[in-house]
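Here's a walk through one protein model, written to be read with the structure open beside you.

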Amino acid sequence: MQQEKSNEDHSRLFNITAKDLTAGNRRLVEVPYTATLSHAMNILVANSISSLPVAAPPGHWIGAGGSMIMESDRQTGAVRKHYIGILTMLDILAHIAGGEHNLSDPTDLDRKMGSQVSSIIGHCLEGLSLWTLNPSTTLLECMEVFSKGIHRALVPVESSIESSNTISGVELVESSSAYRMLTQMDLLRFLRDHHSDDLKDVLSRSISDLRAVNESVYAVTASTSVSNAIKSMKAALLNAVPIVHAPEVAEEDHLQLINGRHRKVIGTFSATDLKACRLLELQAWLPLSALEFTEKVSGNERETVSCTEEASMEEAIEKVVTRRVHRVWVVNHQGLLKGVVSLTDIIRSIRAALL
């Protein structure tokens with residue numbers, strides 16, 4: 001009887017589709033390619049999101065990664081717009097901190113924030129990663145896609161592409177009258193809220209037992225400036241880094257990423273912190289160190305989200321979902337850094353255990 005129940009749970013969980021996972025999600029929030037960075041940032045902040053699809057008229061642009069993701073009229077099928085890429089908070093940060101800039105000159109920031117989003121897309125690799133998932137893609141297939149480091153995908157409300165063309169649900173060609181965004185966080189929130197017996201068994205295991213901990217962890221020091229932190233993160237394709245206590249390192253190490261292992265974590269510098277930041281504040285805070293910046297943005301109340309290797313996967317998911325962060329720093333009992341568990345690591349290790 002127990003075995004039957006387990007099989008039933010298993011099939012119920014695995015019959016969930018991308019359409020089910022996005023059913024409660026709001027309509028897509030997007031920007032036109034002509035929008036300024038300033039306008040785009042206002043939209044990100046107002047909606048408390050960290051990325052925006054960028055839409056352009058059809059026929060003028062090559063989509064990110066060669067994608068052809070179109071919005072078309074429901075009645076006639078005529079193509080109205082083409083999604084050409086994704087704009088993230090890291091793109092905006094990297095643009096502000098990049099090139100020659102005078103942090104004390106307000107006109108410099110104004111000029112940069114007046115740039116069109118189309119000129120910024122793809123400066124960071126993630127902006128070039130624009131994918132759709134067929135609505136019938138199963139939960140496990142969604143997990144496979146997200147375990148490869150893809151953070152989000154568009155799910156058409158009704159797909160005009162036959163599902164026989166799909167490879168494991170991921171597509172670069174799609175046309176639909178509307179889309180919803182499915183993110184790694186949506187998937188984890190679903191897993192947290194819909195426990196089957198199979199899933200319970202997996203989630204009760206430790207993150208170390210499930211091999212979710214990535215021991216390669218780069219950090220910045222308490223003295224690293226915001227602009228150096230951003231440039232280093234952009235080069236390493238990281239959206240966040242721990243800030244560590246490292247008084248003994250050489251002067252040049254404050255300018256770049258260092259190995260964070262066995263150092264004490266004193267904060268997190270994250271591109272998504274910008275969601276709480278208005279332009280005038282940003283202007284004043286850019287010359288600060290990354291640690292001072294995070295304290296300003298979070299008003300001193302942002303404790304570092306961390307756990308030990310013995311923590312269960314359920315605890316790790318609870319932390320990322322409730323705190324709305326995209327990674328948990330793994331520390332030992334003295335608070336020294338041992339590694340990191342990202343949303344990608346969590347999804348990859350759960351999927352491996354379920355299979």
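**The overall picture**

First things first: this is a predicted model. The protein has 13 helices and 16 strands. Its chain runs to 355 residues, and 52% of them count as buried. Take the contacts between residues at least 6 apart in sequence, and you find that 71% of them join residues at least 24 apart.

**Helices around H13**

Helix H13 covers residues 343-354, and two helix contacts are worth a look here. One partner is H12, residues 313-323. The other is H6, residues 139-146.

| Helix pair | Angle between axes | Axes apart |
|---|---|---|
| H12 and H13 | about 145° | 11 Å |
| H6 and H13 | about 135° | 8 Å |

Start with H12. It passes H13 in a left-handed crossing. On the H12 side, the contact is made by Met313, Ile317 and Val320, while H13 brings Leu343, Ile346, Ser349 and Ile350. Sorted by class, that contact has six nonpolar residues, one polar residue and no charged ones.

Now for H6. This helix also makes a left-handed crossing with H13. With an angle of about 135° between them, H6 and H13 are therefore oblique to each other. From H6, the residues involved are Leu140, Met143, Glu144 and Phe146, and they meet Thr344, Ile347, Ile350, Arg351 and Leu354 in H13. The class breakdown here is six nonpolar, one polar and two charged residues. Keep an eye on Ile350 of H13: it is part of the contact with H12, and it turns up in the contact with H6 too.

So how enclosed is H6? Six of its eight residues are buried, so the helix is largely enclosed by the rest of the structure. Those buried residues are Leu139, Leu140, Cys142, Met143, Val145 and Phe146. Among them, Leu140, Met143 and Phe146 are also in the contact with H13.

**Two aromatic pairs**

The count of aromatic pairs comes to two. Tyr83 and Tyr179 make an edge-to-face pair, with 5.7 Å from centre to centre and 90° between the planes. Tyr83 lies in strand E4 (residues 79-88) and Tyr179 in strand E9 (residues 179-183), so the pair ties together parts that are 96 residues apart in sequence. Both tyrosines sit below the 20% cut-off for buried: Tyr83 has a relative accessible area of 1%, and Tyr179 has 3%.

Phe269 and Phe293 also pair edge-to-face, at 5.6 Å centre to centre and with 65° between the planes. This pair links distant parts of the chain, with Phe269 in strand E13 (residues 264-270) and Phe293 in helix H11, 24 residues apart. Phe269 counts as buried at 0% relative accessibility, and Phe293 does so at 2%.

While you're in H11, which runs over residues 290-298, have a look at Thr294. It is buried, with a relative accessible area of 8%. Leaving aside residues up to four places away in sequence, which residues does Thr294 touch? They are Ile243, Thr268, Phe269 and Asp273.

Finally, the backbone. Leu237 has a phi near 60°, a positive value in a residue other than glycine. You'll find Leu237 in the loop between helix H9 (226-236) and strand E11 (240-245). Is Leu237 buried or exposed? It is exposed, with a relative accessible area of 51%.

His262 is no glycine either, and its phi is positive at about 65°. This histidine lies in the loop between strand E12 (258-259) and E13. With a relative accessible area of 53%, His262 is exposed.

Note on methods:
Residues numbered from 1 in each chain as written. Predicted model: local features only at pLDDT ≥ 70, side-chain atom pairs only at ≥ 80, totals over all residues. Heavy atoms only, no water. Axes fitted to C-alpha atoms, helices over the stretch in contact; angles between N-to-C directions. Helix = DSSP H or I, 4+ residues; strand = E, 2+ residues; numbered from the N terminus. Left-handed = near helix turned anticlockwise from the far one by under 90°. Contact = heavy atoms within 4.5 Å. Nonpolar A, V, L, I, M, F, W, Y, C, P; charged D, E, K, R; others polar. Buried < 20%, exposed > 50% of the residue type's maximum accessible area, 1.4 Å probe, protein only. Parallel < 35°, antiparallel > 145°, perpendicular 65-115°, else oblique. Phe/Tyr/Trp six-rings, centres within 6.5 Å; stacked < 30°, edge-to-face > 60°.
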